[in-house]
2 protein chains.
Amino acid sequence: MAQLRLALAQVNPTVGDLDGNADLVVEWTRRAAEAGAQLVAFPEMMLTGYPVEDLALRKSFVEASQRTLLRTARRLAEAGLGEQAVVVGHLDRRPVSLVRPGQPAGAPLNALAWLHGGEVVARSAKHHLPNYGVFDEFRYFVRGDRLPVVRVGGIDVATVICEDLWQDGGPVSVTRAAHAGLLLVINGSPYERSKDDVRLELAARRAREAGCALAYVNMVGGQDELVFDGDSLIVGADGTLLARAPRFEEHLLVCDLTLPGAHPSPQSAAQPVEAGDGTTITVERTVLSPRQDPPSETLPPQIAPALDDVTEVYAALVLGVRDYVRKNGFRSVICGLSGGVDSALVATIAADAIGPENVHVVLLPSRHSSDHSLTDAEELVARQGLNTRTVPINDMVEAFERELTLTGLAAENLQARVRAVVWMGLSNEDGHLVLTTGNKSELATGYSTLYGDSAGGYGPIKDVTKTMVWALCRRRNERAEAAGEPPPIPQEIIDKPPSAELSPGQLDTDSLPEYEVLDALLDDYVERDLGRDALIAAGHDPGLVERVIRLVDRAEYKRRQYPPGPKITQKNFGRDRRLPITNRWQEP
Amino acid sequence: MAQLRLALAQVNPTVGDLDGNADLVVEWTRRAAEAGAQLVAFPEMMLTGYPVEDLALRKSFVEASQRTLLRTARRLAEAGLGEQAVVVGHLDRRPVSLVRPGQPAGAPLNALAWLHGGEVVARSAKHHLPNYGVFDEFRYFVRGDRLPVVRVGGIDVATVICEDLWQDGGPVSVTRAAHAGLLLVINGSPYERSKDDVRLELAARRAREAGCALAYVNMVGGQDELVFDGDSLIVGADGTLLARAPRFEEHLLVCDLTLPGAHPSPQSAAQPVEAGDGTTITVERTVLSPRQDPPSETLPPQIAPALDDVTEVYAALVLGVRDYVRKNGFRSVICGLSGGVDSALVATIAADAIGPENVHVVLLPSRHSSDHSLTDAEELVARQGLNTRTVPINDMVEAFERELTLTGLAAENLQARVRAVVWMGLSNEDGHLVLTTGNKSELATGYSTLYGDSAGGYGPIKDVTKTMVWALCRRRNERAEAAGEPPPIPQEIIDKPPSAELSPGQLDTDSLPEYEVLDALLDDYVERDLGRDALIAAGHDPGLVERVIRLVDRAEYKRRQYPPGPKITQKNFGRDRRLPITNRWQEP
């Protein structure tokens, strides 16, 4: 057996910021070296950020990533970190250009490199390319066919990338035969509810299959609709959890592992072997330092406590907002505050994400606003110390009404659009990012106004159903109370019956069923993709099933125009659900 | 040699309208039978419409398509058309469920069926799945591996689907060895400029490779951003053009072909053969009617005249608008009319698409509008007989200005957004679809207002550069004059210098270079995807290159919020150009 001190750098790169991401690699490698680690691993596509989408097809971008990789290796050596073994994800391309029709331009690779001594000492690329849900990797990458096995500290470490762990066959399936002492997986694996459970179970199973310990390092941070939750972890060869990083924050997970020393006579490399998925994989061996280099003392094992489901979602939303604001160069946000629960939650998330001093809210009362709307909103502002401003909209609405005769929904929409003009104007004037306050139940049913309440730059709760909105508010208040602080969200806001307040005495329940009923049906129709018959068989009211299917299917255009927002479920209304606008299909 | 009267049904299906599409098959098969055709072919995915996107992953939709196929075969027989050989595209799934990770749910197939005698007599599926540009077929389909060769009228007819023709290897590569007398290709091939030239050249080349005549039937009509141009055609075994349908309209192309009779001893079927692309293809033979059935007299060959480049684009835009309006259940449109050339062109296209009586325009003068804007717009309205209404926006703008201090761009945007509130209100009240009037040069550089001039349901000229806008106006007027009609677009509108008229004396050239210079650069950066160095090497001004790259890259969010519009170039700003919003990359 041999000892290895391993560091997993759960960091937050930014798409396209090659120099900034390289800085992160140097900085966190220094921290790992200071912690005595012999090997430090960074996430998938670390140097470019992830996902880069069509940037992968741009020659200048691929070449810039390649240059950044070489420069990072040199920079590490120049900083005295050349003896550190570093594994890093980047964008590469197949060196011999085998141009084939249907293959992405330039044959890009979702690549992995081992850096050592100022040089790139081993290279491979992702074998299994995910092409479902939010992923389009057949569009962007060609497949890798190598498994690097690198001897470091006397241990043979095999490295693969993300989806290679999720699918059967491929490089993971040859790891056992390659006699690896550790399987290291670098990831850009986005958050969705309860994914941590699935991830641990998978890692344990693959460790047992590979017959060795498994280390999993994941990215953290928000990128458009995706939130990466970190959750880096290490399991033993028997699947036992050995170490786990806290989620939704940057972290260096350092762990001492006792592993089988390198096999004395490994099979000679460079022979392609059957990989169980109709392809072959070539094991490529590299020796960095044949001697063992045991750390003087052993670190205590570190396993971050699990988060409950609601707390986990809240953390994902906060991180999504913080990174969308920061990575797009904004410093402050603005949103309308109606006195209702949705905008209250959005403002609270924003305050937690970037500080209340950077959150600007606008109260936009109309003739249909109730008295409590204004007072409840003012109470929330006071409790959290937000920047506030009141802009009554009656005069503006009446200016339109003098020229146009608008009735019914058109008149309701007018008010919502006038409000949007106000916050978009303030955004343009003062440079705030507009946060949009619609929830998933509204988005699903089309219960929103195009270019009205749905206007803005980022929708923090667009993937959060109304029932979850209430749960998040309650949990946020509970957390405050547990910490001895006053609850940030006034209870009145949570308790009142929901209303758009666009016509006299209006309530959501005039147009929609109770949210408990609606949300359960939406979960089954949208997330679980059940058809009409299956929904009725699952116990939903047949009349309601037909009505909700029709509402959801007809709201596709509105959803397309909606800003992005953090994805927290398997099916949100973003890139993972792609439907034509012109579409006459109705569930039979 | 044998005679075959072939009919290519260049028709316009609607996505999701299974019954309506089946009606088209029955109706056009009847027409083909009346014209004496022995074989009639319909486009790719005829029964479902194309592209169906994530509907392909919905079990209930796949099953509905399968039922529709069987019902269509029966309906044809019941209508006395059972003896007609019919080739039709539909959505199917692989019968034995080989569930593999990464494979689309339910293993859907982009399928082809031969119908005869009330039954499905042969089946196959697309082999080459396009997964670039606007296509995502690895997400939706699994690959087919058969080449049906069906003997009809004594001739062996091989059938493939669309991309199978474009890529090397696969079923087309085994057609020669299968001794086919005709290669029939069913297509859903979207329009882009000059694609007709590429298509004819490709068909001629593949006919020579296959050693037999080739018939190509394409869909026609608009579907969201795609416009299918038809252009169905037939070439001889030597590549000579024999027949060609007019583009951008439904058409039954009937042609008498003299073809080699069926090979007396074809190789026995059902043996997979190497297909030149690392896969195998199984040739499956079916005999429908071994006797020849020559038509009594021969039809004159029909070759529709080619369209010049500008006329072709105009026709694509008209068809795109007509079908987006009609297929989404609208009957009328509304748009702002500024007196400028963009909105003049959009209104004219709309009048050509759905009739001037269904086009509503709003004149929305502000304090910055010039006198000629109003008079030029009124002149256009009068010439075309559009419905018109004038809504001065000063009072509404001032109502906002009394509450908010907005300066510079924020003040300019306010006016644009007030206008959008007006036309969105009229749209909601009267049920018109809003047409958005921005052009590609604006969209590229971000020279538009989010939720202002960019608000609406469909953007007819979003893929048309400003220089092409002028060319289209001129050509439209020339066509009118050639027909002895008054030109629909006042010359003053075409001649005046472009201005957004959002501040005093404003001209586009205050913020942007001359459009001739800008559009040439945009073509090279956006459509040809050249990097910074390549743009400078191509002769563009270095300072302008840097400025325009920055403008284009920063306008990504605005473009995401833009309505769909007909795609006429290889790279528009729709599904074929997918970039992250959060993106720090700058061309070095």
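**Cavities, contacts and backbone**

Me: How do the residues lining the largest cavity divide into nonpolar, polar and charged?

Reply: This is a predicted model, in which local features need pLDDT of at least 70 and side-chain atom pairs pLDDT 80 or more, while totals for chains, interfaces and linings use all residues. Residues are numbered from 1 along each chain as its sequence is written, chains are lettered from A and ligands numbered from 1 in written order, and side-chain values use heavy atoms, without hydrogens or water. Nonpolar here means Ala, Val, Leu, Ile, Met, Phe, Trp, Tyr, Cys and Pro, charged means Asp, Glu, Lys and Arg, and polar means the others, Gly included. The lining of the largest cavity (residues with an atom within 4 Å of a cavity point) splits into 17 nonpolar, six polar and 22 charged.

Me: What is the volume of the largest cavity?

Reply: A cavity is a set of points on a 1 Å grid over the protein atoms alone where a 1.4 Å probe fits but cannot get out; points are joined across faces, edges and corners, and the volume is the space filled by probe spheres set on them. The whole structure holds 14 cavities of 30 Å³ or more. For the largest, the volume is about 1,100 Å³.

Me: Which elements give two or more residues to the lining of the largest cavity?

Reply: Its lining has 45 residues, and those nearest the centre are Arg560(A), Arg575(A), Arg560(B), Gly574(B) and Arg575(B). Elements are DSSP runs numbered from the N terminus, helices (H or I) of at least four residues and strands (E) of at least two. Those that give two or more residues are α18 (556–560) of chain A and α18 (556–560) of chain B.

Me: Which three residues supply 11% of the area that chain A buries against chain B?

Reply: The contact (heavy atoms within 4.5 Å) takes 86 residues from chain A and 86 from chain B. Because 100% of the interface residues of chain A are also interface residues in chain B, the copies meet through the same surface. The two chains bury about 7,200 Å² (accessible area lost to a 1.4 Å probe, summed over both parts), 53% of it on carbon and sulfur atoms. More than any other three, the suppliers of that 11% are Arg58(A), Thr582(A) and Trp585(A).

Me: How far apart are the C-alpha centres of domain 1 and domain 2 of chain A?

Reply: An automatic or database assignment sets the bounds, giving domain 1 (2–289) and domain 2 (310–503 + 556–560) in chain A. The centres are separated by 40 Å.

Me: Where is Pro51(A) found?

Reply: The peptide bond from Tyr50(A) to Pro51(A) is cis, with omega near -5°. Pro51(A) lies in the loop between β2 (39–41) and α2 (59–78) of chain A.

Technical notes: On a 1 Å grid over the protein atoms alone, a cavity is a set of points where a 1.4 Å probe fits but cannot get out, and a pocket is an open set with protein on both sides within 12 Å along at least five of seven lines; lining residues have an atom within 4 Å of a point.
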